[in-house]
Amino acid sequence: MSITKTLSGAKRQRLSLIFLVVGSLLVLFTLFVLFNMVFRQLVLDLNGFLEAVNDPLVISSILLTLYASFLATLIAVVLGTPLAYVLARHDFFGKNVVESVIDVPVIIPHSVAGIALYALLQSRSAVGTAFYNLGIVFEDSLWGIVVAMLFVSTPFYVNAAREGFQSINPRIERVARTLGASQWQAFYKVTLPLAIRHLFSGAVMAWARGISEFGAVIMIAFYPMIAPVLIYYRFTTQGLKGSQPVAVLLILVCFVVFMVLRLSTKYWERRK
Amino acid sequence: MIALDEVSHEWGEFCLKNVTFSVDRGEYFVILGPTGAGKTLILETIAGLHVPREGHIFLDGKDATDLPPEKRNIGLVYQDYSLFPHMTVEENIAFGLKMRKIAKKEVEINVQSIMDSVGITHLKTRFPSTLSGGEQQRVALARALVIDPAILLLDEPLSALDPRTRESLREELKRIHKVRGMTTIHVTHDQTEALSLADQIAVILEGEVIQVDTSFKVFNEPVNERIAAFVGVENVIKGKIVSNKDGVVLVETGKYRIHALSNLVEGEVNVFIRPESIIISEVRLKSSARNSIKGKITNITQLGATFRIRMDNGLTALVTNQAIEDLGLGVGKTVYASFKATAIHMTRR
């Protein structure tokens, strides 16, 4: 009885089973690519890895990557949150255009984005000169890196934040208004606390996207070297042997950082 | 207390067209209309959440059209409760008082007393997602009442509840209104709700207020066919006045004549009769009812405890199951439909 039941159950689930098998191929592909590299490095060439860990240039490039992407994310949050709220709450003429513009950095090749940024911000251009007079230089500087990262990671934050705001029923804000809250109060007492989880995960996505950026950054700031640029430089000069340890270290650092962030959001949610 | 003067507004697919009515202090005012008629939009406009494109809103005789919602002292309760999901019951209710910067001790006392009065004290520390619909609606009500609003706006407050909870909350609304005597505007599509609560009813169809009257008048003397259809006046008969003798009018409908009371003297008219005003009998009645019209039953439909009978004379009546059995009513049977001249409402066509 129970066996036939299980069998007929399996039969009814056949579609899901087939999809599961087919779908797991993709997951295995991703895992295998990364695992292969990490495994080879840590097991077959641990010394090379330890050398990278002890190399101040490698460590400073990884820290620079995390820091620059953090700054880019901060700017995206400050400017992107109001934008996301407006997009979530209001319909206006040209809204589709604005939404498409936000998505443009996802679509265009990042080397193209880098060229465009360089053309706009190089010291000899009008905009570049204006910033130069303010003491900000983009070519081969931290600000160049931040700007390139900001350009590519903005859509990730804005879209996540917009979805977060959209998931909140505007009636909740309206009730807050009738209860005596001004528009600002309704926003930071009701809307913001309800959207904060979306905003946070959007910021984490944007940060991750910034860390992974290479093409746009290298066009405007080869130096100071962020980790992806350093990996590329070592690959072209020393091949796999020189670049792989850095790559593995970068992956492990990112993995740990994002696990910590994920767990902290989980903990945060549970407390609510 | 509240007056809307020629208010017009569009909002997505909803609109308001020259909405004009006024509500007296302490009145229980019901806005009755089908889904999508623009009822919620009226409430939100009164609350100050939309500035109407045209027209004015007066609160206490002062033009409040541009006054922001937080300055109006109006409590609002939505059909979907709209509780703050990140706050406990207690915090939800305290929100309005905190916005008013009232001392902590006083907030506590007020919140406690309102929770006691609507019977939700035991839910104090719970989050909205763990509450039933009826409980959530009580919290929403408490949250609106605790600020002691001058006006209470209720947007289909009972529609999402099961019948038993709905009835108990309806009584609760009645009690609260009696005790506090605050001006209340209650929006609904439910006629029973309107009948049992309203001092005055405004019927709204497609963004237009068609009739503002007492509930008796709305349900028995609708001003036109659209309202008649909406409030369940199922008999709308077209006719022409033949004569009027001291207020007793004879109307020719083509197939038969109807006696009615009216001060209309001549012309084309609509005759309205509620289906529950019609008595069905096997033989022509000798009674005070002035009208007794022969017809054959064409259709019988059960509507809960009553049955709707349609006849080939164009009339529709509501009868009980007992009547169906006692008279042996069935499709094809010939019967008489009788109704009093006083049960008829007539308008010029």
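**Terms before the first entry.** I take an axis to be a line fitted to C-alpha atoms, for helices over the stretch in contact, and the angle between axes runs from 0 to 180 degrees between N-to-C directions. Helices (H or I, at least four residues) and strands (E, at least two) are DSSP runs, numbered from the N terminus.

**Ground rules.** This is a predicted model, where local features need pLDDT of at least 70, side-chain atom pairs count only at pLDDT 80 or more, and totals for chains, interfaces and linings use all residues. Residues are numbered from 1 along each chain as its sequence is written, while chains are lettered from A and ligands numbered from 1 in the order in which they are written.

**Entry: α5 and α8 in chain A.** I looked up helix α5 (residues 95–107) of chain A and helix α8 (residues 142–166) of chain A, whose axes come within 8 Å and cross at roughly 125 degrees. That makes α5(A) oblique to α8(A). For that word I noted the cut-offs: under 35 degrees is roughly parallel, over 145 roughly antiparallel, 65 to 115 roughly perpendicular, and the rest oblique. The crossing of α5(A) and α8(A) is left-handed (the near helix is turned anticlockwise from the far one by less than a right angle; clockwise would be right-handed).

Which residues of α5(A) and α8(A) meet? On the α5(A) side I found A:Ile102, A:Asp103, A:Pro105 and A:Val106, and on the α8(A) side A:Phe151, A:Val152, A:Thr154, A:Pro155 and A:Val158. Contact here means that C-beta atoms, placed from the backbone, lie within 7 Å. By class, I get 7 nonpolar, 1 polar and 1 charged residues in the contact of α5(A) with α8(A). The classes go like this: Ala, Val, Leu, Ile, Met, Phe, Trp, Tyr, Cys and Pro are nonpolar, Asp, Glu, Lys and Arg are charged, and the others, Gly among them, are polar.

**Entry: α6 and α8 in chain A.** Next I checked helix α6 (residues 110–121) of chain A against α8(A): their axes come within 10 Å and cross at roughly 130 degrees. α6(A) and α8(A) are therefore oblique to each other, and the crossing is right-handed. The contact joins A:His110, A:Ala113, A:Gly114, A:Leu117 and A:Leu121 of α6(A) to A:Val147, A:Ala148, A:Phe151 and A:Val152 of α8(A). I count 7 nonpolar, 2 polar and no charged residues there.

**Entry: α2 and α3 in chain B.** Helix α2 (residues 89–99) of chain B and helix α3 (residues 104–118) of chain B have axes that come within 10 Å and cross at roughly 130 degrees. That makes α2(B) oblique to α3(B), with a right-handed crossing. I saw B:Glu90, B:Ile93, B:Ala94, B:Leu97 and B:Lys98 in α2(B) meet B:Val107, B:Asn110, B:Val111, B:Ile114 and B:Met115 in α3(B).

**Entry: where the chains touch.** I found 19 residues of chain B in contact with 17 residues of chain A. β6 (74–77) and α2 of chain B each supply at least two residues of chain B's side. That side divides into 11 nonpolar, 4 polar and 4 charged residues.

Entry: Most residues other than glycine have a negative phi, and most peptide bonds are trans. I still found a cis peptide bond from A:Tyr223 to A:Pro224, with omega near -10 degrees. A:Pro224 lies in the loop between α11 (215–220) and α12 (227–271) of chain A. B:Asn18, in strand β2 (residues 14–23) of chain B, has a positive phi near 45 degrees and is not a glycine.

**Entry: confidence.** pLDDT is the predictor's confidence in each residue, from 0 to 100. Chain A has a mean of 92, with 94% of its residues at 70 or more. The mean for chain B is 92, and 100% of its residues reach 70 or more. The predictor gives the complex an ipTM of 0.83 and a pTM of 0.83.

Terms used
Contact = placed C-beta atoms within 7 Å.
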